[in-house]
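Please read them with the structure open.

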Amino acid sequence: MGIGTLFDIASSGVTAQRLAIEVTGENIANVNTDGYSRQQVIMENKPVTTANGFPLGTGVQIGAVQRTYDNMLQLQQVNGNSSYQENLAKQTALEQIQPSFNELTSDGLGKALTNFFGAWQDLTTNASGSAERQALITRSQILVDSFHQMDFTLSNVASTADSNLVGITAEATDNARNLALVNTQILATGSVGGNANELLDQRDLLLRKLSQQVSITSTINADGTASVTLPGGGQIVNSTRYATLYTNATGAPAANDIMLSALGNPPPANVPATDTLVATVGGGATVGGKLGGTMQVRDGIVPGYLARLNEMANQLVTRTNTLHSAGYALDGTTGNNFFNPAGLTAGSIALDGALTGTKVAAALPVVPTDPIPTSSGNNLNALQFVALGNQSVPFTTGNASFVNNYNSLVSQVGVDTEGTQNVASQGASFLKQLSALRSSNSEVSLDEELTNLTKYQRAFQGSAKVISAATDMLDTVLGMVR
């Protein structure tokens, strides 16, 4: 081994330590970059040679510049994002719905039901009293308005959820487009033998973002590109090509289907007749992510509550009209409806257009020989309505009075809201834990990088010192020759 070998060894050290310092500087510069994974230099011995019968090294070389990466953590974050965003979408909707079922206030539907039957109770004490009759009509209108308000609130939440699907699908498509672009850059970098670590970080970050909108299954190809499949098998990203995720109106109110176009770069125009159907009404549970949670709000949660309200309105209108049409009003007429018989839902319930104070049928025949009761104190039909308020009515959820049935609905909303809040909170904690694990494993630690910077700087100075020593030795030899 000659002096020239010393120069080779020292120069390899200078080169390797310089590159290590560059990588360390890159880490420090990206300490706050979202998705960036810490990189580290892997140094290896250069091939060993034999000098004077002894094996001696020839310096150091860079084996690789690796990013610290845990594939299991990546998969857990992708799945955790989808589950959390799904539950968060449901939690947000339920928190918008819950105030309407807040019976701590004095103007809720439960209070209106109580006041409605209470007004009939007041009428029993003075069956011909105009004030009591007007109070009954006023409280009945408040009850109708309460039904309408509940229907409006729930329908508005469903309509908003349906509208939000447009933005969610557009955001998913945007992430898919960016992922296809990053895949293209990864291929280009690999074709010239470059290091694609930063691009791989961007790829993984986009996968995590895409999983927030919809549940995904990702595949990392041998060339480093990612392909993404949605529930049902449709591909939204295939290497450098991507598809458009979009909504398609079915013609029914608040009923957009979710469609997936063909792949391309850019994708071809949307053709709902032949594109892939990702999810239709009621299919949100299989889609996952924010998209799935929003669809569940539109297709399951809100319709479930509305169905119970509609059933209650139907039963109230039907049973009230049955009793009222059998009774007699102050003017001696009978067969009058109290509610409009066509209004059998929470949104359409209404008082009969001909109903006035004198048309309220509080009386019943005392005996069969008295078909038209004329006594101003006859309150027999009003008593029937008081009994109706306490009567057990067959609802789909079980037999209960009107007030108790509504109270059970209020309880159900509260339980659903609390349950979703708990699940979403657990999901947030799980993601926070995963983020902390990724931080400790992959993110940049300034303290560690500054330590590495000092280490590599010292090594660089040492290699430079060897070059200086070899130069002195060479000068000495040359001096001896002269």
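**Notes on the predicted model**

1. Strand β5 (residues 217-220) and strand β6 (residues 226-229) are antiparallel and share four bridges. Strands are taken as paired if DSSP finds at least two bridges between them. The two strands make a hairpin with five residues between them, and glycine 224 in the turn has a positive phi of about 95 degrees. Helices (H or I, at least four residues) and strands (E, at least two) are DSSP runs, numbered from the N terminus.

2. This is a predicted model, in which local features need pLDDT of at least 70 and side-chain atom pairs count only at pLDDT 80 or more, while totals for chains, interfaces and linings use all residues. Residues are numbered from 1 along each chain as its sequence is written, and side-chain values use heavy atoms, with hydrogens and water left out. The mean pLDDT (the predictor's confidence in each residue, from 0 to 100) is 91 for the protein, and 96% of its residues reach 70 or more. Confidence is lowest in strand β2 (residues 49-51), with a mean of 76, and highest in strand β8 (residues 241-242), at 98.

3. Three strands form an open sheet in the order β9-β10-β11, with antiparallel pairing. Its edge strands, each pairing on one side only, are β9 (245-249) and β11 (276-279). On average, neighbouring strands in this sheet are turned by 45 degrees against each other, direction ignored. Between β9 and strand β10 (residues 256-260) there are five bridges, and the two run antiparallel. Leucine 260 in β10 is opposite leucine 245.

4. Helix α4 (residues 130-191) lies across β9 and β10 and runs at about 155 degrees to β9. Axes are lines fitted to C-alpha atoms, for helices over the stretch in contact, and angles run from 0 to 180 degrees between N-to-C directions.

5. The axes of α4 and helix α7 (residues 289-326) come within 9 Å and cross at roughly 165 degrees. The two helices are therefore roughly antiparallel (the classes are under 35 degrees for roughly parallel, over 145 for roughly antiparallel, 65 to 115 for roughly perpendicular, and oblique for the rest). The crossing of α4 and α7 is left-handed, meaning that the near helix is turned anticlockwise from the far one by less than a right angle; clockwise would be right-handed. Their contact has 19 nonpolar, four polar and five charged residues. Here Ala, Val, Leu, Ile, Met, Phe, Trp, Tyr, Cys and Pro count as nonpolar, Asp, Glu, Lys and Arg as charged, and the others, Gly among them, as polar.

6. Helix α2 (residues 71-97) packs with helix α5 (residues 197-213) at an angle of about 25 degrees, and their axes are 7 Å apart. That angle makes α2 roughly parallel to α5. Their crossing is right-handed. Contact (heavy atoms within 4.5 Å) involves Gln74, Gln77, Val78, Asn81, Ser82 and Gln85 of α2, and Asp204, Leu207, Arg208, Ser211 and Gln212 of α5. By class, these are two nonpolar, seven polar and two charged residues.

7. Two loops deserve a look at the backbone. The peptide bond from asparagine 265 to proline 266 is cis, with omega near 5 degrees; proline 266 is in the loop between β10 and β11. Serine 239, in the loop between β7 (235-238) and β8, has a phi near 55 degrees, a positive value in a residue other than glycine.
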